[in-house]
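User: Please take a close look at one part of this structure, the surroundings of the ligand. Walk me through it step by step.

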Amino acid sequence: MAQTGPQSPGEEQTQRGVAPKESDFSCLRDLPLPLKEQLDSLGFSRALSRLIESERRFRDLFEQGPVAYHELDQEGIVRWVNQAECELLGVEAGAMLGRPIFEFVSRGEPSESREAFQRKLSGQQALDPFPRDHIRSDGRHLTLEIHEVLIRNAQGEATGMRSVMLDLTRRKEIEEALREGEEVLRSVCASSLDALVMIDGGGRAILWNPAAERMFGYTAAEMLGQPIHDLLAPAALRQRFQESFPAFQKTGKGAAIGTMRELTARRKDGSEFPIDLSLAAVQKGAEWQAVGVIRDMTGRKRAEEALRESQESYRRVVENAPEAIFVATQGRFRYLNPAALRLFGATSASELLDKLVLESVHPDSRAAVAEGIRQVEEFGVDLLPWRQQYLKLDGTVLDIEGFAVPFLYEGKKGSLVFARDITERKRAEEDLRANEDLLSQSQGIGHLGSWDWRLQGDTSVMVWTPETYRLFGVSPETFALSVETFVTLIHPDDQASMQAWIRECLAGLGPPDLEFRVNLPDGSVRYINGRGHVVSQDAEGKTTRMVGVALDITERKLAEQALLRRTEELKRSNTELEQFAYVASHDLQEPLRMVSSYMQLLSRRYKGKLDSNADEFIAFAVDGAKRMQQLINDMLAFSRVATRGHEFEPVEADTALKQALSNLTAAIEESHANVTFDPLPVVSADSGQLTQLFQNLIGNAIKFRRLEPPRIHVSAERRAKEWVFSVRDNGIGIEPQHLERIFVIFQRLHTAAEFPGTGLGLAISKKIAERHGGHLWVTSEPGAGSVFYFSIPVQGQ
Ligand code: ADP
């Protein structure tokens, strides 16, 4: 409770700040009775009671009242302060009483306030109410208005001051809010993109913002005070307005009030445009005014148009898409484009619309599709390419590849599905896989790998079949294939030739096959025959794709090498044999000649002089020696075919034949043989050996005759790159099983008694034919005759 004092400033204060009590006036009761009676008779006691009553009323008013109030003495010391002020300033009364007011309420320096106080007290400054900002100790800002009156004593001198403080804080806040609100309104009005328009009760414009100026083409100056509908409404609307306006004027009500309408408005230039108009009624006194917000809808209308057009074009795209597109909500078909209808074999949408999608799904795929639908529709998940089996309406199985995305259709969560029939593709893929498998298997069987090399700019991609990897001894999982790494697999000695070969291939030169070796991880070597082929080139003739094969020729290569080794061996042993035969026959000749000549001497000298047995024995020995001589001569001739032959030169085969016939004159005459021949070619040959060859064959034809005289014909024909000579006879012929044997050295089919000979003639002939790069062979019909053939390559081939 505020403690208040009854004292007026300037009065003696005994109990500062303590409320006056009834007992304070007890001195009056203690007056001497006669005086008391005298006073009573004058009515003083009554007056005093009224005074006390009045004083209490005012004191209560100030103490308990809502207005802040204090009293100051001449020094500005607070002598009295009420509860309202203590609460307003947030200070205890006890703290204020006896302290200068300037410590509690002052502007700037307390000394300034003190001086102003003194000026007022001395009458130098008027006591007009003044505002004061005050910051309470709790930080609250107050706006105060202070009203002051001077306290004067009986002499009229100012002895203090009474002040009432009004708290204007709240009012100031409201005023500020109002001002701000007005500013906001003004700036909204100025910056609004919508036209803000207000009309008074007469329909005349009283607000016309810049947006309205822009929208309609009228300035505010032109518009304000003008009947708005006459200017802005097209004729048709004007009439409607005129009909409804009088009612609005009276009641503030109308069909357009409080709603938003789509209307047409007219600009100053007469052009019309679509607007949205919202109207509100405002009462001003007795009059109803209207505020309108007008939005230019030209852009929106155009956008709506564009949206409609774009929706239309999307619809056309979907309708004409070659891909099947359908929409499902709640697991049922809701939309299918024509391609989707074709896919399912439907002739009209009604066959599928609102049917369960799962009914068109193959039983094997139903669980997966049902789960997919759930994922898309419930969880909004994109279902990226899946493959499932569906069913056409006629029950045919469809392999479908598609993807589904969440889609809102007619306000319901669903899925938009793009589907493609891959039945054919799947079959083709299976075929392709089977073909690849076949290729891989057959490449494995044939040890034939293949490769495909694409070069595009700086990129080079090489692909090998599984067999190729196997041939090169690497695995596709671990080997990083490129042209560079490929070369490292090749035997070091073959790498340079491989690189040269690759260059030639790339240059499109089509080099012959390349044989090269591959070092296998187990240390062995594999022989490969490589072949490359340019498939495509770019405009500058650079190779862009090459394919080729790699054939494992290790076995053949090893066989060839073994053969070569055997041939070398054979050649060496043949040479040794020839040398031996030569040496043997040559060295045997001398002692044999001695045996032979002494046997002949014995025969001449002692024939008929010894007994008959001796003559016979000597004859055997002479004959044996002769045969042996013949044998040795033939062996010598055989061994000389290779070693003592002459250089080849063009030889007229007739000449060689004629020479042979001349050598055989005796035999021909004796046997009455008839030898004929066709024109013969010129061949590159050793003429002596060719003569001998004819002589041997014709000699045999005469020797192995039947009883009738031999008929022999010699001819030659060209076959491809060689001349094939033939010597035909009508002799005894040869059994088929002997056709090979007769060419082997010493091999004969008859005894010397039947037909003389050494069995070397054909062996020598064969060797001669082979030395000339040809062959010798025979066809025969036993009892009818034989044909001996030999070939000699055509000159220069
Ligand atoms: P030779 O004439 O000394 O017996 P060859 O080597 O010339 O030795 O002949 C080998 C064998 O081939 C002959 O013993 C003979 O049996 C057979 N022969 C060769 N030429 C003829 C031919 N024109 N007709 C039938 N048999 C032949």
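Analyst: Start with the words for the elements. Helices are DSSP runs of H or I with at least four residues, strands are runs of E with at least two, and both are numbered from the N terminus. This is a predicted model, where local features need pLDDT of at least 70 and side-chain atom pairs need 80 or more, while totals for chains, interfaces and linings use all residues. Numbering runs from 1 along each chain as its sequence is written, and side-chain values use heavy atoms, without hydrogens and water.

Next, look at the polar contacts (pairs of N or O atoms within 3.5 Å). Lysine 703 uses its side chain: one of its N or O atoms is 2.8 Å from a ligand oxygen. The side chain of histidine 750 also has an N or O atom by a ligand oxygen, at 3.3 Å. Threonine 758 brings its backbone instead, with an N or O atom 2.9 Å from an oxygen of the ligand. How much of the ligand does the protein bury? Alone, the ligand exposes 520 Å², and 98% of that is buried by the protein (Shrake-Rupley method, 1.4 Å probe).

Where does the ligand sit? It sits in the largest pocket, with more than half of its atoms within 2 Å of the pocket's grid points.

A pocket is an open set of points on a 1 Å grid over the protein atoms alone, with protein on both sides within 12 Å along at least five of seven lines; in a cavity, a 1.4 Å probe fits but cannot get out; lining residues have an atom within 4 Å of a point. The volume of the largest pocket is about 990 Å³ (the space filled by probe spheres set on the points). Its lining counts 37 residues, and the closest to the centre are Asn700, Lys703, Pro756, Gly757 and Thr758. Helix 20 (612-643), helix 23, helix 24 and strand 27 each give two or more residues to this lining. Which element gives the largest share of the pocket lining? Helix 20 does, with eight residues. By class, the lining holds 16 nonpolar, 15 polar and six charged residues.

The structure has two cavities of 30 Å³ or more. The largest cavity holds about 140 Å³ of space. It is lined by 15 residues, with Trp451, Met462, Phe486, Met498 and Trp501 closest to its centre. Strand 16 (448-456), strand 17 (459-464), helix 18 (492-506) and strand 20 (543-552) each supply at least two lining residues. Helix 18 has the largest share, four residues. This lining has 14 nonpolar residues, one polar residue and no charged ones.

Terms used
A polar contact is a pair of N or O atoms within 3.5 Å; within protein, one must be able to donate a hydrogen and the other to accept it, and residues adjacent in sequence count only if both atoms are side-chain atoms. Ala, Val, Leu, Ile, Met, Phe, Trp, Tyr, Cys and Pro count as nonpolar, Asp, Glu, Lys and Arg as charged, and the others, Gly among them, as polar.
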